Each structure stands twice: as structure tokens, then as C-alpha cells.
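Subject: Structure handover

Hello,

Here is the structure you asked to look at. Please open it first, then read my notes below.

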Amino acid sequence: MMWKLVFPALAAVFTLGLAGMVGGPRDIDVNDSGLKNALNFAVVQHNRGTNDLFVSQVAEVLKAQSQVVAGMKYIVTVKMGKTDCRKGSGVEVCTIHPETDKARFYQCTFTVWSRPWLSDIRVLEEKCQ
């Protein structure tokens with residue numbers, strides 16, 4: 001009688017293992033509106049936290065994931081590059097410098113927690129190299 005309880009539980013474990021963890025991070029489209037909002041917020045916070053004179057922008061999204069938590073957690077890895085816009089200049093649209101040596105590309109992973117119904121968004125983690 002005990003095997004009837006164990007077998008379905010084991011089958012569920014193997015099925016979940018093959019399909020990915022329920023509730024774990026899952027790959028999402030880079031055009032997801034929630035991801036775009038989270039990434040824009042993270043880039044603004046990143047630029048505020050650096051001592052660089054110039055603003056950095058996303059050159060390419062390398063990996064994008066979301067995870068349902070008490071809200072939505074976004075984990076996004078991007079290639080960043082320097083622009084020719086000086087911080088505090090008021091220029092809103094900045095493009096990455098066309099010369100690779102001046103763009104000084106680097107990679108960042110941002111983890112952002114969003115709870116839109118509370119108007120709350122925050123960067124939980126930022127790793128840049």
C-alpha cells in the first residue's frame with residue numbers, strides 16, 4: 001500500500017526535474033514589458049552608483065529570466081557600454097560610443113524585484129565585470 005503513495009511522488013519529482021523547477025527562474029523574452037521596466041530602473045541605479053563621468057547604456061541583453069516571488073524577480077545579464085553623454089547633462093537619449101575603445105564594454109547581471117501594485121521596485125543585486 002505504501003508504494004502507491006511513493007511512486008506518484010517520485011514521478012512528480014522526476015517530471016519537475018526534467019521540466020525545470022516550479023517557481024524557479026525561467027527564461028523570458030527580452031521584449032517583456034516588465035523586464036524592460038526592471039532593466040531601465042537597474043541601469044539608472046547603476047549609473048547613479050558609478051563614479052564615471054559618462055552614462056552607460058545596454059548594448060545587448062545576453063540573458064533574461066523572471067521568477068514569481070512576492071511580486072516578480074527579474075534576473076538579466078547585459079553587455080553595457082559607455083556613451084558620450086555626461087552625467088547630469090539632461091540629455092535623455094544617449095547612444096553607445098561608436099569607437100570600441102571609448103565604449104569600454106563590460107558585462108553586468110542585475111537582479112530586480114518588482115511589486116507594481118505597491119509602486120515598489122528595487123535592485124537586489126548588481127554584479128559587473
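The protein chain has three helices and five strands. Helices (H or I, at least four residues) and strands (E, at least two) are DSSP runs, numbered from the N terminus. Along the sequence, the pattern reads α-β-α-β-β-α-β-β.

A word on the source. This is a predicted model, in which local features need pLDDT of at least 70, side-chain atom pairs count only at pLDDT 80 or more, and totals for chains, interfaces and linings use all residues. Residues are numbered from 1 along each chain as its sequence is written, and side-chain values use heavy atoms, with hydrogens and water left out.

**The whole chain**

Of the 129 residues in the protein chain, 31% count as buried. Buried means under 20% relative accessible area, exposed over 50%, and partly exposed in between (1.4 Å probe, protein chains only). The accessible surface of the chain is about 8700 Å². Carbon and sulfur atoms hold 58% of that surface. Accessible areas come from the Shrake-Rupley method with a 1.4 Å probe; for residues, only the protein chains shown count as cover.

**The sheet**

In what order do the strands lie in the sheet? The five strands form an open sheet in the order 1-2-3-4-5, with antiparallel pairing. Two strands pair if DSSP finds at least two bridges between them. Strand 1 (26–27) and strand 5 (120–128) stand at the edges. Each has a single partner strand, so one side of each is left without a neighbour in the sheet.

Strand 3 and strand 4 (residues 106–115) pair over nine bridges. Isoleucine 75 stands opposite threonine 111 of strand 4. Strand 4 and strand 5 pair over eight bridges. There, cysteine 108 has cysteine 128 in strand 5 as its bridge partner.

**Two buried residues in strands**

Glutamine 67 is in strand 2. Its relative accessibility is 16%, so it counts as buried. Not counting residues up to four places away in sequence, glutamine 67 touches Gly23, Gly24, Pro25, Met72 and Lys73. Contact means heavy atoms within 4.5 Å.

Arginine 115 lies in strand 4. Arginine 115 is buried too, at 17% relative accessible area. Leaving aside neighbours within four places in sequence, its contacts are Ala70, Gly71, Asp120 and Arg122.

**Two positive phi values**

Most residues other than glycine have a negative phi. Arginine 104 has a positive one, near 45°. Arginine 104 sits in the loop between helix 3 (100–103) and strand 4. It is partly exposed, at 46% relative accessibility.

Serine 119 also has a positive phi, near 55°. Serine 119 is in the loop between strand 4 and strand 5. That hairpin has four residues between the strands. Is serine 119 buried or exposed? Serine 119 is exposed, with a relative accessible area of 70%.

**The largest pocket**

The largest pocket has a volume of about 430 Å³. A pocket is an open set of points on a 1 Å grid over the protein atoms alone, where a 1.4 Å probe fits, with protein on both sides within 12 Å along at least five of seven lines; lining residues have an atom within 4 Å of a point. The volume is the space filled by probe spheres set on the points.

There are 21 lining residues, and the closest to the centre are Asn40, Val43, Val44, Asn47 and Gln57. Helix 2 (33–49) gives the most to the lining, with seven residues.

Best wishes
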